[in-house]
Amino acid sequence: MHTTNTLIIGGGQAGLALSHCLTTLGRDHLVLERGRLAQRWRSERWDSLRLLTPNWITRLPSYTYEEPDQDGFMTAGEVVGFFENYAESFDAPVREFTVVRRLAPCGDVFVVDTDDGPFLARNVVIATGWSDQAAIPAHAARVSARVHQVDPSRYKNPDDLPAGGVLVVGASATGVQLSQELHLSGRPVTLAVGTHTRLPRSYRGMDSYWWLDLLGALDRTIDEVGDPLAARREPSLQLVGSPEGSTLDLSTLQSIGVRLTGRLQTIDGGRATFASDVNAVVADTDRRMHRVLDRVDDAIERLSLGAEMLSPDRPGRVVPVASLDSLDLHTAGINSIVWATGFRRRYDWVELPILDVRGEITQYRGVTPVPGIYVLGQRFQHYRSSNFIDGVGRDALAVAEHITATPARRELLASASTPRHH
Ligand SMILES: Cc1cc2nc3c(=O)[nH]c(=O)nc-3n(C[C@H](O)[C@H](O)[C@H](O)COP(=O)(O)OP(=O)(O)OC[C@H]3O[C@@H](n4cnc5c(N)ncnc54)[C@H](O)[C@@H]3O)c2cc1C
């Protein structure tokens, strides 16, 4: 039987950031990872994916991106290399190829059953990822067997799909990126558009993340939002990280010939129906985008940055769409569906009273209702950036402090508070 003070389940950025904090505090711990370190960046990302956050904002406790391409966007392979180097920098105690199958109480401590035997620990941190499994609507089960279905964690490149048209469901970052790629590969794409969040890649000469950082939007805490549930469900930014720094949105997709339609409502056999409010959804999205860009303009004025910035050049309007009411996929030549409908989490291996009615872990700053059980890497765990590479370090420190009851050691996060490279 292996014993340790703290077991961290998951060797992604969250597990590693916490391992760094506990290492610095001199605390005994072990990271259990079912695959290899940063496994999801190795096996659950498509070939052309790059981070949508710029390199300069790739920061973990005491570790930042320091190569020359500060404004570039890492490929998934480069992200793996970045995390490997991070783990090596403090000799992270990661035990790879160890699948956790059960977490349960065991007297005063906890038992973690794995495919390599049981582990006992006083504290256990669940860091198995917010983007755990594709959240595919139930009606996917009723789709005709003639239509190939795939989710983004399994999709690699257009060659994975049969020839013919594709229905992409979901217009956040993943949906727009895959719509563009598939359309350019010669497969006519229909994109079902639900709620989404639009921002241009850059505005007035600076990347949108630079503005969000300057406005403090990424530092907003869950205590400051009116509706925490809605904040945690907010769609991801509709962005792409390309070497050219280009903007990708519904307007760009329209210009290359992607057909836009409303949110997918039902699908049965080969017949799909769509919501008719797509133009209202797009208009509401654009209103929210303009509110953010107004705040940027105000900040430029307040900080007297006008002379250094480009003039305001707002993104173009999406041409109003004649939404389809329904579509026969076979007649329309659509042979594939890509479900870009977000993620869910599965905690059926957790035998502890820490889940709410929706099956999510109840937590505040990573501390769950069961003393000794923590979680890390949740969306908006505390900050808007909590599940991002740049944000997880602050939460990791909070969890490490709670575990060790050690007063704040801000130097652990030195790198996360150094001035930005811009
Ligand atoms: C497509 C995509 C693009 C993204 N782009 C960006 C971006 O540009 N910038 C950014 O900052 N963030 C981005 N994110 C968000 C976030 O950075 C990633 O989701 C990141 O992988 C989260 O890290 P994590 O450590 O919380 O979880 P994960 O990386 O998911 O790590 C969890 C680990 O736990 C392991 N695990 C799970 N279950 C078990 C088990 N039972 N036993 C043992 N191990 C287990 C998994 O194998 C995995 O390695 C993106 C997310 C996605 C999905």
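Trainee: What should I know before I start?
Mentor: The model is predicted, so local features need pLDDT of at least 70 and side-chain atom pairs count only at pLDDT 80 or more, while totals for chains, interfaces and linings use all residues. Residues are numbered from 1 along each chain as its sequence is written, and side-chain values use heavy atoms, with hydrogens and water left out.

Trainee: OK, the ligand. Which residues come nearest?
Mentor: Glu 33, Arg 40, Leu 52, Thr 53 and Ile 389, out of 28 residues around the ligand. A residue is near if one of its heavy atoms lies within 4 Å.

Trainee: What kinds of residues make up that shell?
Mentor: There are 13 nonpolar, 11 polar and four charged. Here Ala, Val, Leu, Ile, Met, Phe, Trp, Tyr, Cys and Pro count as nonpolar, Asp, Glu, Lys and Arg as charged, and the others, Gly among them, as polar.

Trainee: Which helix gives the most to the shell?
Mentor: Helix 2, with three residues. Helix 1 (13–24) and helix 2 (39–43) each supply at least two. Helices (H or I, at least four residues) and strands (E, at least two) are DSSP runs, numbered from the N terminus.

Trainee: How far is Glu 33 from the ligand?
Mentor: A polar side-chain atom of Glu 33 lies 2.6 Å from a ligand oxygen. For Gln 13, a polar backbone atom is 3.0 Å from an oxygen of the ligand. Both are polar contacts, meaning pairs of N or O atoms within 3.5 Å.

Trainee: And how much of the ligand gets buried?
Mentor: The protein buries 93% of the 980 Å² that the ligand exposes when taken alone. Those areas come from the Shrake-Rupley method with a 1.4 Å probe.

Trainee: Switching topic: what order do the strands take in the open sheet?
Mentor: Five parallel strands run 10-21-11-12-17. Two strands pair if DSSP finds at least two bridges between them.

Trainee: Which strands stand at the edges?
Mentor: Strand 10 (148–150) and strand 17 (259–262) do, each with a single partner strand, so one side of each has no neighbour in the sheet.

Trainee: How many bridges join strand 11 to strand 12?
Mentor: Four, between residues 165–169 and 189–193. Val 169, for instance, has Ala 192 as its bridge partner in strand 12.

Trainee: Last one: what about strand 6 and strand 7?
Mentor: They form a hairpin with two residues between them, and Gly 107 in the turn has a positive phi of about 65°.

Note on methods. Polar contact = N/O pair within 3.5 Å; in protein donor to acceptor, adjacent residues only side chain to side chain.
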